[in-house]
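Good morning, colleagues. I would like to take you through one structure today, beginning with a pocket and then turning to a sheet and a helix.

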Amino acid sequence: MGGSRTYPYGSTSAVRARVLAALGVLKLATADQMHRLMAPGRKDNRAFRNAALDLARHGLAVSEGSARDGNKLWNLTPLGLDAAAEVLDRPVGEMGGTARGAARSGAPHAIAVNETVIAITRTPATATRPVPRQQPAPTPTVPEEEPALGLVLETPGMGWIGSWSTEVPLSLPTSRGNRAGVRADAVLQAPEAGLPVLFVEVDNCTESAGTLAAKFEKYLRYFRLKSKNPLGSESPVWRTQYPSTGREGHPPVVVVFNPGTRTGLQALKNRMNTVMELTRLVWSGSYHGAGGGYGAEERDGYYGYADAIPLLFTTLDRLQTSGPREAVWWRCGHGQWETLPDALANPDDHDAWYARDEQRRRQREEAEQRRQQEWAAEREHWAQEPAPEPEPAPEAAP
């Protein structure tokens, strides 16, 4: 495609808008990552490279370095951030920074966060060139339709580019005002996928397990913050920014481990186990020994998760291979790989105990009904027996 004097690299307004949206959310990305996130059905990433070059010509984008694989990294200028806010229909104050200078070191963490967003979103690919129109057959004989040309069939993802935010500060109050207690790598809001809010941490396995575990204590402090509404009642501060999860407890947090070639399989397992043990007080909940009900011999109880964070583990390669809707999530305390709905469920909470207690109550009632029926049958049996003959009166003594 030939260029013009305004856009010499020949980019279209649609692709430039996609580049602005991608960089507005990711902050820093290569043309290949923007291509796979926004339009994976295209043949290659040339259109995104040309769009980034045209945006740079107009002062909206800039490249200050390259990733470790040699691909050029792009980020927005302040003027480009304003344009991205217009494309995403977001307030400029919610767009964050421009990631100036981050590309000079190769930005390995930002690259891993981008790959996580791509692996979870899994934007469906669409046809990249027109499909020839075919004349309809007189009688349909094909049992199923062929996929459109260029359409890649794979497991669906969750959300879209507008569902994500990255580098989100979660402020904690201090004596000197508010400070960022923890900065979430990414936040996903995809209620259509059963995820009103999901906080994402990406771990490249370069810091100690203790440093990683300490982040979740800050998450817990943030989730515990309360604020008063105009009516005087208290509610969590996080609810002023995000919708309710519909589940007991705080919002879920997932750690996406990206060991790469630096960490072997056994070392990764050890790291996961160490982080899980160090954060046990964060995710385990509190046990309540409720017993088995009146007159029950069985002892039973439940865990309360009102002050617990559902902490999930996964790996980047699992997400890239299987997608987010498969059994790629490990919930701390569950002990197995599960799908996301199963991982977020609490099979040992109060509702589960109440269901078990109701089942025990019904069993006791049924047993009592059987005993009453047996007693009634026994009384009826004795009522049908003939009365014994009266004994002769004793003779009077002389």
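**A pocket, a sheet and a helix**

Strand E4 contributes the most to the lining of the second largest pocket, with 6 residues. Please bear in mind throughout that this is a predicted model.

Let me stay with this pocket for a moment. The second largest pocket holds about 460 Å³ of space. Its lining is made up of 20 residues, and those nearest the centre are Arg90, Glu94, Ser165, Val168 and Tyr242. Which elements give two or more residues to that lining? They are helix H1 and strand E4, the latter covering residues 164-174.

I turn next to the sheet. It is an open sheet of 3 strands, in the order E1-E3-E2, with antiparallel pairing. Strands E1 (29-30) and E2 (61-66) are at the edges, and each has a single partner strand, so one side of each is left without a neighbour in the sheet.

Strand E3 comprises residues 72-76 and is joined to E2 by 4 bridges, the two running antiparallel. Within E3, Lys72 stands opposite Ser66. The hairpin of E2 and E3 has 5 residues between the strands, and in this hairpin Gly70 adopts a positive phi near 95°.

My last topic is helix H3, residues 46-57. H3 has 12 residues, and from its first C-alpha to its last it reaches 17 Å, close to the 16 Å expected at 1.5 Å a residue. After H3 comes Gly59, which also has a phi that is positive, near 75°.

Which residues of H3 are buried? They are Phe48, Ala51, Ala52, Asp54 and Leu55. Viewed down the axis of H3, these buried residues fall within an arc of 165°, and therefore they line one face of the helix.

Thank you for your attention.

Terms used. Residues are numbered from 1 along each chain as its sequence is written. This is a predicted model: local features need pLDDT of at least 70, side-chain atom pairs count only at pLDDT 80 or more; totals for chains, interfaces and linings use all residues. Side-chain values use heavy atoms; hydrogens and water are left out. Two strands pair if DSSP finds at least two bridges between them. The expected span of a helix is 1.5 Å times one less than its number of residues. Buried means under 20% relative accessible area, exposed over 50%, partly exposed in between (1.4 Å probe, protein chains only). The arc is that of the directions from the helix axis to the C-beta atoms. On a 1 Å grid over the protein atoms alone, a cavity is a set of points where a 1.4 Å probe fits but cannot get out, and a pocket is an open set with protein on both sides within 12 Å along at least five of seven lines; lining residues have an atom within 4 Å of a point. Grid points are joined across faces, edges and corners, and a volume is the space filled by probe spheres set on the points.
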